[in-house]
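Biologist: I have the chain open on my screen and would like to go through how its pieces pack. Could you take me through it?

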Amino acid sequence: MSNELVFADETPEPELAPDLAPWNVLIVDDEPTVHEVTKLVMAGFVMDRRPLHFLHCYSADEARALLAQRDDIALILLDVVMENEHAGLELARHIREDLHNLNVRIVLRTGQAGQAPEERVIRDYDINDYKEKTELTRRKLITVFYAGLRGYRDLMRIEHARAGLRRSIEAITQVSDSNNLRTFASAVLDQLNYLLDLNGEGLYASRLSTYTASSVEGQVTVLAATGSYARLLVNEEISSLPAQVRDALTRALAEKASHHGQRHYVGYYRTRSGNENVIYMVFPEPVATSAIELLGIFSSSVAITYDNLLMREEIESAQRATIDLLGRTIERRMQEPDSHASRVGELAALLASRLDMSGRDVEFMRQAAALHDVGKVQLAEQLLTKPGPLSEEEWVIMKTHARLGFDLLSGSNTRVHQLGAVIALEHHERWDGSGYPRGLAGEQISIGGRIAALADVLDALVSPSYYKQAWTLDDALSHIAAHSGKHFDPRLVEVLGANRKSIEAIYREPAAPMAFEAAEQARTGF
């Protein structure tokens with residue numbers, strides 16, 4: 001071996017980062033002296049403040065067993081000839097094709113010059129370098145280590161970035177309210193931290209404006225956190241923070257401005273609605289200005305997203321209140337039981353949830369189904385409250401409420417009103433085609449229309465009114481089951497029957513019993 005293996009004059013050793021894992025390097029060679037010499041030559045080697053940790057295998061079979069158990073090896077120094085002339089090459093192919101490990105850097109070494117042609121090996125076996133053992137002087141071995149470890153490091157950054165991006169995208173799809181914004185903000189904060197190679201820890205917090213309708217207005221609560229601060233996502237108050245962190249956040253909120261030092265950053269952002277947002281990060285090393293700028297962009301972007309979600313929640317809350325008021329207005333005009341519209345919405349939401357609709361779709365169904373009778377606001381009150389049976393002419397007018405409701409709601413482009421329009425039009429259609437206004441049958445009727453039809457009839461049966469007593473839930477469910485495949489979608493009838501306890505929870509007060517036959521004479525047409 002060349003005399004270049006003699007150590008050069010000592011140079012100051014790089015500072016180690018005790019919190020960073022060492023680089024795992026696997027030596028696969030059937031000559032014990034190769035293992036010892038490699039360790040000796042590379043003693044004290046450090047890259048990116050991380051030392052080396054050597055693993056040793058003395059055959060390809062031994063290496064197969066080890067590699068099947070772990071995927072955190074950065075570099076493999078692999079002998080070509082061991083159990084047989086091609087043991088190293090076969091192991092390299094096994095790593096790539098069977099284990100699907102494309103990240104580890106593989107350097108083939110052989111003590112037999114010309115044993116395997118370099119060009120063919122590099123072309124056919126997806127290795128990263130090929131060296132004869134006589135070539136591996138100290139200087140060249142160090143070069144091999146730098147090249148291999150840097151390649152592995154960069155591949156892992158790409159891998160982590162891809163995983164982080166996937167996690168961020170998945171989190172974005174879940175951002176439907178201010179609570180799961182925390183998932184999104186934490187994912188993005190972790191990703192930004194990694195992509196900037198900051199190795200920092202910190203948190204993102206918000207204080208809502210006094211003009212925001214929220215139970216936590218004026219309080220500073222944590223939206224996102226990394227590392228040791230992650231526990232604050234459970235205990236949202238920041239009073240338990242270390243004094244220096246609490247003081248830094250308090251200063252930013254008091255001065256309404258960002259500030260930073262060499263190893264920490266406190267960003268401040270105030271949204272248009274007055275919500276205040278702060279980000280606190282601490283780093284093991286000085287941070288570049290470009291990284292500070294990106295952290296500021298992150299802070300403002302999440303703040304704006306949070307602001308928009310809060311605004312949307314307030315709009316949706318107002319929409320739900322308006323729908324409830326409209327339902328109560330219709331009930332008073334018709335002298336119907338209180339909360340009929342809202343109970344139809346709850347029953348519709350129950351059925352939708354049991355059909356595995358998304359949480360968002362279930363909420364849309366709850367609100368839209370409550371609008372099923374909105375067309376009746378355009379009918380004369382004397383028609384709606386007539387104590388006796390309707391005449392044929394009056395019944396024709398009554399049935400127009402389905403089309404009137406559709407026309408009223410379809411003028412809005414919101415999803416709730418569009419779904420409500422369809423439900424208003426179709427909630428009197430029947431599975432066998434005998435309903436109105438269009439005589440649709442089976443799955444020609446939208447799922448919203450079928451759900452609302454069932455919910456409307458069930459609530460009408462079990463609720464008392466000025467023209468009939470309430471049915472028992474047993475009688476109502478029996479009647480509905482008897483009309484499965486005629487009036488109602490058979491699948492929905494099955495779902496309804498399987499969820500009796502959930503239905504009972506909607507009706508807190510027990511209904512008064514009534515004979516089945518007497519109800520058949522009610523003017524509802526059931």
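Biologist: Which way does H2 pass H3, in a right-handed or a left-handed crossing?

Modeller: In this predicted model, H2 passes H3 in a right-handed crossing. Helix H2 covers residues 60-67 and helix H3 covers residues 87-98, and the two pack at an angle of about 15° with their axes 10 Å apart. That angle makes H2 roughly parallel to H3.

Biologist: Which residues in H2 and H3 meet?

Modeller: From H2 the contact takes in Ala-60, Ala-63, Arg-64 and Leu-67, and these meet Ala-87, Glu-90, Leu-91, His-94 and Ile-95 in H3. Divided by type, the residues of this contact are six nonpolar, one polar and two charged.

Biologist: And the sheet there, what order do the strands come in?

Modeller: The order is S2-S3-S1-S4-S5-S6, in an open sheet of six strands with mixed pairing. Strand S2 (46-47) and strand S6 (129-132) stand at the edges with a single partner strand each, so one side of each has no neighbour in the sheet.

Biologist: In which sense do S1 and S3 pair, parallel or antiparallel?

Modeller: Strand S1, residues 23-28, and strand S3, residues 50-57, pair in the parallel sense over six bridges. Within that pairing, Trp-23 stands opposite Leu-52 in S3, and the bridge partner of Val-25 in S3 is Phe-54.

Biologist: Where do H2 and H3 sit against those strands?

Modeller: H2 lies across S1, S3 and strand S4 (75-79), and runs at about 125° to S3. H3 also packs on the sheet, where it touches S1, S4 and strand S5 (105-110), and its direction makes about 175° with that of S5.

Biologist: Changing topic, what is the strand order in the five-strand sheet?

Modeller: Those five strands form an open sheet in the order S8-S7-S11-S10-S9, and the pairing is antiparallel. Strand S8 (220-225) and strand S9 (259-260) are the edge strands, each pairing on one side only. Strand S10, residues 264-270, pairs with strand S11, residues 276-282, in the antiparallel sense over seven bridges, and Arg-270 stands opposite Glu-276 in S11.

Biologist: Which strands does H7 lie across?

Modeller: Helix H7, residues 243-255, lies across strand S7 (201-207), S8, S9, S10 and S11, and it runs at about 140° to S11.

Biologist: Further along, how do H13 and H14 cross?

Modeller: Helix H13 (residues 401-409) and helix H14 (residues 415-426) cross at roughly 170°, and their axes come within 7 Å. The two helices are therefore roughly antiparallel to each other. In the contact, Ala-402, Arg-403, Gly-405, Phe-406 and Leu-409 in H13 meet His-417, Gly-420, Ala-421, Val-422, Ala-424 and Leu-425 in H14, a set that divides into seven nonpolar, three polar and one charged.

Biologist: And H15 with H16, at what angle do they pack?

Modeller: Helix H15, residues 447-462, and helix H16, residues 473-482, pack at an angle of about 145°, with their axes 9 Å apart, and H15 passes H16 in a right-handed crossing. Leu-454, Leu-458, Leu-461 and Val-462 in H15 meet Leu-473, Ala-476, Leu-477, His-479 and Ile-480 in H16. The residues of that contact divide into eight nonpolar, one polar and no charged.

Biologist: What about residues 1-11 and 509-526?

Modeller: Over residues 1-11 the pLDDT stays under 50, and the model has 14 contacts for them beyond four places in sequence. The pLDDT is also below 50 over residues 509-526, a stretch with 37 contacts in the model beyond near neighbours in sequence. Where pLDDT is low, the predicted coordinates should not be read in detail.

Definitions and conventions: Residues are numbered from 1 along each chain as its sequence is written. This is a predicted model: local features need pLDDT of at least 70, side-chain atom pairs count only at pLDDT 80 or more; totals for chains, interfaces and linings use all residues. Side-chain values use heavy atoms; hydrogens and water are left out. Axes are lines fitted to C-alpha atoms, for helices over the stretch in contact, and angles run from 0 to 180 degrees between N-to-C directions. Helices (H or I, at least four residues) and strands (E, at least two) are DSSP runs, numbered from the N terminus. Angles under 35 degrees count as roughly parallel, over 145 as roughly antiparallel, 65 to 115 as roughly perpendicular and the rest as oblique. A crossing is left-handed if the near helix is turned anticlockwise from the far one by less than a right angle, and right-handed if clockwise. Contact means heavy atoms within 4.5 Å. Ala, Val, Leu, Ile, Met, Phe, Trp, Tyr, Cys and Pro count as nonpolar, Asp, Glu, Lys and Arg as charged, and the others, Gly among them, as polar. Two strands pair if DSSP finds at least two bridges between them. pLDDT is the predictor's confidence in each residue, from 0 to 100.
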